[in-house]
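Hi,

Here is the structure I said I would pass on.

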Amino acid sequence: MSAYQEPTHVHSWGILSLAVLCLISGVLTQPARAQVKPPAPPPDVVVFKNGDQLTGTLVRGEGNNVIFKSDIVGEVTISMDKVKELRSNGSFIVLKKDEKVTRTSRQPGSITFADDNATLTHPNGAPETVPQKDLGYIIDSATFNKEVIDNPGIWYGWNGSITGGATVLQSTSFGQTLTAGISLIRAIPTVPFLPPRTRTTFNLLQTYGKLTQPTVPQTNPPTPNAVAKTNIFHTDFEHDKYFSPRMFVYGGLQYDHNYSQGLDFGQIYGVGVGVTAIKDAKQELDLRTDIHYQRQNFTPPTPNEDLIGSSFGEAYTRTLPGKMLFTQSGTFIQSWNNTNAWSAVAAAGLALPVYHRFSLSVSILNNYLNNPAIGFNNNSFQFVSGITYTLH
């Protein structure tokens, strides 16, 4: 009696069924495999000398302090004198005190701190140990590459504000005054804890007004209405290049039109040097001087002027309680080929936050021109109030 043999078509169906089951099993288990996440790295840890511990994330370090972010206490500044041990799994760059920050690539690594020494462990290479007293900056590698190594685009890093105001009069006399201003600044690096590299500023202020006064009582034949106009325009652009944390050279230009002084068009093109005399978390004071070419076009018959001169200026900003911002500046402009053709500008302003990025702003601006057009006053004073929108 012959042995039983399974039909060929049955065997083929079995293989096909097995293949289908394997395919279905792979499809069904794929989402499960996709949902498997790699284990999260352990949190950074700070162990204080009194035995307390804090877990979270090391943000950065500056001098003898580190910025540490914890879910429990938020972002805090910790003095390294109080730290017994610090362990971080992030990717950092360590710069020593008094080390010049250059646009040179650095190898990042994880950082630990113990026995008054910071140790940077690179993925490839020997650990680097820096004594606490020599610590300058601890910077995460992403910030270092973005703010130090990379070349930022022309639109990157701009900050500033836009201001607008209007006054409307409707009575026997009627008219309006419109004011608009733009103030922009671009500081590279954009983070305040790194030494400055470049700074670019742009300012524009336009005040236009027209007041119509009818003749009262009207005469026969009628007397035309008296019309008084105000048209003051100012804009300036400056680029600073720092060669130390406090010293910089700069180039700039300035354009002016002031109807009230008979100045049709004023131009200044110059280069100079400046110093940041005061700088801390609340205030900054810059002093500067330059040498420039100045062109003044006046209302006829006053002759135009071509001048070589120098500017001596200062600019001060201070953050007040309640996030109020006070700004003040002053510039004296002296001509050397015509010492009588000098001028001065002084300004001060206060911005009071009212809602999110909106602030109520008040400012004064005083222009003095020692040689105005014939028949015009030397001095031009403005008081401006309006609403300011801060860009960042």
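Where is the place of G330? Bear in mind that this is a predicted model. G330 sits in strand β18, which covers residues 324-335. That glycine is buried, at 15% relative accessible area. Leaving out neighbours within four places in sequence, G330 is in contact with F312, G313 and E314, and also with V345 and A346.

Next, the nonpolar cores. The largest one has 19 residues, and L58, I78 and I111 have the most contacts inside it. Seven names come up when you ask which elements give two or more residues to this core: β1 (44-48), β2 (53-62), β3 (65-70), β5, β6 (109-114), β7 (117-121) and β9. The top contributor is β5, with four residues. If you click on L58, ignoring residues up to four places away in sequence, you'll see it touch D44, V66, I67, F68, L86, S88, F92, I111 and I138. There is also a second, separate core of nine residues, with L95, V148, F193 and L194 among them.

V148 turns up again in helix α2 (residues 141-149), whose buried residues are S141, T143, F144, E147 and V148. Looking down the axis of α2, these fall within an arc of 150 degrees, so they line one face of the helix. What covers them includes β5 (83-96) and β9 (135-140).

Cheers

Conventions. Residues are numbered from 1 along each chain as its sequence is written. This is a predicted model: local features need pLDDT of at least 70, side-chain atom pairs count only at pLDDT 80 or more; totals for chains, interfaces and linings use all residues. Side-chain values use heavy atoms; hydrogens and water are left out. Buried means under 20% relative accessible area, exposed over 50%, partly exposed in between (1.4 Å probe, protein chains only). The arc is that of the directions from the helix axis to the C-beta atoms. Contact means heavy atoms within 4.5 Å. A nonpolar core is a set of buried Ala, Val, Leu, Ile, Met, Phe, Trp, Tyr and Cys residues joined through side-chain atoms within 4.5 Å.
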